[in-house]
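Please open the model in your viewer and keep the sequence panel at hand.

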Amino acid sequence: MGMNSHPRSSSSSSSSVGTDALEPADALCHIVPRDFAENRARLGRENFTHVLNCAHSSRRGNDFYSGMGITYLGIEAHDSPAYDMSVNFNTGAEFIHNALRTGGKILVHCHVGVSRSASIVLAYLMLKHNMTLVEAINTVKKGRGIIPNRGFLRQLIDLHVKLYGYRS
């Protein structure tokens, strides 16, 4: 999901989030190559201002983006159904929201780009664009194949129930 208003698709594995006008319908996936987040030159050419790494490892420092004008947030999430990803929903949604409302362009990624990062983007759409879980999934799937693991999906359903009071 990039700053573009139109979805693009590919078989690559990371995605970025963004909109020009912060309209929910424009928050579509723009797919970038898997190694995109580790390609400083390409990140600079594409004018990313923020990176949200949903597979952050404390063994690798945040210094990779220093000197690039990129604001970084790392979430040490495990792609396991037992991992409580919901503790990161608000933090991730706020980070994405703040990047976009200031005119930034954000790359949200994890290792494969279909479970952890997708779950955070879905939570963002639900929390900041008042989408139901089904609406968020349909929005993201327009430009990106996603497969949140069953634990993350359960947590997103719980978020939906918390926001809307019912399961759909």
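A residue is called buried under 20% relative accessible area, exposed over 50%, and partly exposed in between (1.4 Å probe, protein chains only). This is a predicted model, in which local features need pLDDT of at least 70 and side-chain atom pairs count only at pLDDT 80 or more, while totals for chains, interfaces and linings use all residues. Residues are numbered from 1 along each chain as its sequence is written, and side-chain values use heavy atoms, with hydrogens and water left out.

**First selection: Lys105 and Glu46.** Lys105 is buried, at 13% relative accessibility. Its salt-bridge partner is Glu46, with the closest N and O atoms 3.7 Å apart; a salt bridge here is a side-chain nitrogen of Lys or Arg within 4 Å of a carboxyl oxygen of Asp or Glu. Glu46 lies in the loop between α1 (40–45) and β3 (50–53), and Lys105 in the loop between α2 (89–101) and β5 (106–109), so the pair ties together parts that are 59 residues apart in sequence. Helices (H or I, at least four residues) and strands (E, at least two) are DSSP runs, numbered from the N terminus. Glu46 is partly exposed, at 29% relative accessible area.

The whole structure holds 2 salt bridges. In the one between Glu94 and Lys128, the closest N and O atoms are 2.3 Å apart. Glu94 belongs to helix α2 and Lys128 to helix α3 (residues 116–128), a link between distant parts of the chain, 34 residues apart. Glu94 is partly exposed, at 34%, and Lys128 is partly exposed, at 28%.

Cys110 sits in the loop between β5 and α3 and is buried, at 8% relative accessibility. An unreviewed UniProt entry lists Cys110 under "active site"; such annotations may be inferred rather than shown by experiment, feature names are shortened, and positions follow the numbering used here.
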